[in-house]
Amino acid sequence: MATIVEALDLLASKQWWKEWQNPAWKQFIQTGDKSLLKKLPKFPDHTWLPIELLGALPQPDELDESAKRFLQACCSIGHPSAIGAWISKCYGNGSAATEQFARACDLALEFGCSKLFVASQIVKHVRPIASEDGKFTPAGGFLLLLDDKEAAQLYREFGGTGFRAEEIAAVFVSQAPERW
């Protein structure tokens, strides 16, 4: 598996996605200097995380300092999919250990992501959130950690998106009907 720095170098060599070519990425990953976070670009033209970078991110218990810094940087700029894509990878479509998923979510919170942001990333990227038989899933369990205000904000964000709204509702109806 390539390191994050190697993955950034690979993207730069392909001349793709100028946002990832910004030297502040590598400088922050290598030094941890938080003043560099202000120099990181936003991502107005695309929202996905390149497969080269996702492939360089290991499971939560295998993260080295550079991978942690990369995820922290993605969180600090509000990258629209990096955290969710990594959490989804850790979840393995529900086949991964619950502990790995929970640790990935805990790390995202430690990196500075809000609980609502992590929940939104889960809704966008992780499947299954709700099981067809109504049984508890770790992804649905994270949504249940939201307070009522956050849960309402999450539903407003996805309320008009068909299956996502249905999945959110299914979690609360099956696992916390008193809150629905």
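The model is predicted, so local features need pLDDT of at least 70 and side-chain atom pairs count only at pLDDT 80 or more, while totals for chains, interfaces and linings use all residues. Residues are numbered from 1 along each chain as its sequence is written, and side-chain values use heavy atoms, with hydrogens and water left out. A search of the whole structure finds one disulfide (a pair of cysteine sulfur atoms within 2.5 Å). The count of salt bridges (a side-chain nitrogen of Lys or Arg within 4 Å of a carboxyl oxygen of Asp or Glu) is nine.

**The disulfide**

- Cys 75 and Cys 113 are joined by a disulfide, with an S to S distance of 2.0 Å.
- The pair links distant parts of the chain, 38 residues apart: Cys 75 is in helix H4 (residues 65–76), and Cys 113 is in the loop between helix H6 (98–110) and helix H7 (115–125).
- Helices here are DSSP runs of H or I with at least four residues, numbered from the N terminus.
- Both Cys 75 and Cys 113 are buried, where buried means under 20% relative accessible area, exposed over 50%, and partly exposed in between (1.4 Å probe, protein chains only).

- Cys 90 is in no disulfide, and the nearest cysteine sulfur, that of Cys 105, is 8.6 Å away.
- For Cys 105, the closest cysteine sulfur is in Cys 90, and the distance of 8.6 Å is too far for a bond.
- Cys 90 counts as buried because its relative accessibility is 0%.
- Cys 105 is also buried, at a relative accessible area of 1%.

- Asp 9 and Lys 26 form a salt bridge in which the closest N and O atoms are 2.7 Å apart.
- This pair links helix H1 (residues 4–13), which holds Asp 9, to helix H2 (residues 23–31), which holds Lys 26, across 17 residues.
- Lys 26 is partly exposed at 28%, and Asp 9 is partly exposed at 34%.
- Arg 127 and Glu 167 meet in a salt bridge at 3.2 Å, N to O.
- Glu 167 lies in helix H10 (residues 163–175) and Arg 127 in the loop between H7 and helix H8 (138–144), so the pair ties together parts 40 residues apart in sequence.
- Glu 167 is buried at 15%, whereas Arg 127 is partly exposed at 23%.

**Another salt bridge**

- The side chains of Asp 133 and Lys 135 form a salt bridge at 3.9 Å, N to O.
- Asp 133 is exposed at 54%, and Lys 135 is exposed at 58%.

Key: Helices (H or I, at least four residues) and strands (E, at least two) are DSSP runs, numbered from the N terminus.
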